[in-house]
Amino acid sequence: MNPSPLDLVPIDLTKARVLISNDDGIEARGLQVLEEVVRPLVGELWISAPAEGHSGASAMVSLRREIAIEPRGEHRFAVTGRPADSLLAALRITMADAPPDLVLSGINHGVNIGGDLIYSGTVGVAVAAALNGIPAIALSADHPEGQPVSDATWGDVASHLPAVLNALCRRGLRRGGALGVNFPVAVADPAPLFVRQGTSGDTMVYRPVPGDGNRYILHHEGGAPGDLDGTDLGAISTGRIGVTPLTIDRTDHALLRRIAEAN
């Protein structure tokens with residue numbers, strides 16, 4: 001019997017070949033924290049990340065455009081493309097002979113919850129991995145509005161991340177599935193809480209460039225509070241580590257069923 005795509009496959013991190021990527025760039029603090037935490041946990045670690053930050057790139061790729069893959073050490077590459085380019089460059093080129101068992105994307109500067117999942121390059125990497133049949137986890141950390149992720153939060157994330165990753169990998173991940181994991185500013189309860197995507201809506205706002213009436217910069221702002229009950233937003237608001245199962249299937253199954261029933 002062939003395995004179901006819904007089957008959960010446990011991952012032994014101590015033997016796993018793990019690829020790290022992100023959307024904030026190879027020099028980002030979040031990637032540094034993730035690398036430091038994960039390296040002693042896994043069998044083999046590879047890094048393929050954008051040469052510079054590309055927040056909000058979703059799963060965009062540099063179709064029919066040149067990219068460069070720049071070695072930055074053993075099993076470490078900077079890619080002059082979008083976040084998903086970094087993932088594909090690893091799968092198609094640098095790791096083509098031995099693909100990863102698991103992809104970790106992040107740790108993003110800022111949570112990816114609610115409507116953020118549509119735009120997020122961090123999530124885009126994980127979804128692109130899922131599309132290629134590789135389980136993936138997108139990791140993000142919260143911060144107070146208008147401020148960077150604090151040293152205290154990075155330390156909090158680093159202290160809880162090994163247990164979270166081990167728990168999720170022991171439980172198992174879907175073949176070609178992804179998880180979105182969001183850490184609050186301060187963890188009140190270390191047990192991961194499985195939640196659904198919230199409904200915070202679009203939080204993107206254009207602000208004019210001073211002195212130039214034709215130029216604008218897109219900013220991410222906190223939107224109106226969405227549903228808290230059982231959602232990623234609710235988990236973050238109560239100091240919980242929220243885990244949201246993600247899928248590449250964008251079919252509106254509820255509507256499809258209603259149409260079928262009406263016929």
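A nonpolar core is a set of buried Ala, Val, Leu, Ile, Met, Phe, Trp, Tyr and Cys residues joined through side-chain atoms within 4.5 Å. Buried means under 20% relative accessible area; exposed means over 50%, and partly exposed lies in between (1.4 Å probe, protein chains only). The model on your screen is predicted: local features need pLDDT of at least 70, side-chain atom pairs count only at pLDDT 80 or more, and totals for chains, interfaces and linings use all residues. Residues are numbered from 1 along each chain as its sequence is written, and side-chain values use heavy atoms, with hydrogens and water left out.

**Stop 1: the largest core**

Select Leu104 and Ile137. These two have the most contacts inside the largest nonpolar core, which has 38 residues. Now colour by helix and strand. Both are DSSP runs numbered from the N terminus: helices are H or I with at least four residues, strands are E with at least two. At least two core residues come from each of E2, H1, E3, E6, E7, H5, strand E9 (178-183) and strand E13 (240-246). Which element gives the most to this core? Helix H5 does, with seven residues.

**Stop 2: around Leu104**

Keep Leu104 selected. Show its contacts, meaning heavy atoms within 4.5 Å. Skip neighbours within four places in sequence. Leu104 then touches Val18, Leu19, Ile20, Ser21, Leu34, Val38, Ile137, Leu139 and Leu165.

**Stop 3: helix H1**

Select residues 29-38, which form helix H1. How many of its ten residues are buried? Seven are, so the helix is mostly covered. Click through them: Gly30, Leu31, Val33, Leu34, Glu35, Val37 and Val38. Then look at what covers them. The cover includes strands E2 (17-21), E3 (44-50), E5 (76-79), E6 (102-109) and E7 (136-141), plus helix H5 (151-171).

**Stop 4**

Most residues other than glycine have a negative phi, and most peptide bonds are trans. Zoom to Gly106 and Ile107. The peptide bond from Gly106 to Ile107 is cis, with omega near 0°. Ile107 sits in strand E6.

Next, pick Arg64, in the loop between E3 and strand E4 (69-71). Its phi is positive, near 60°. Why does Arg64 count as exposed? Because its relative accessibility is 77%.

Finish at His75, in the loop between E4 and E5. The phi of His75 is also positive, near 55°. His75 has 25% relative accessibility, so this residue counts as partly exposed.
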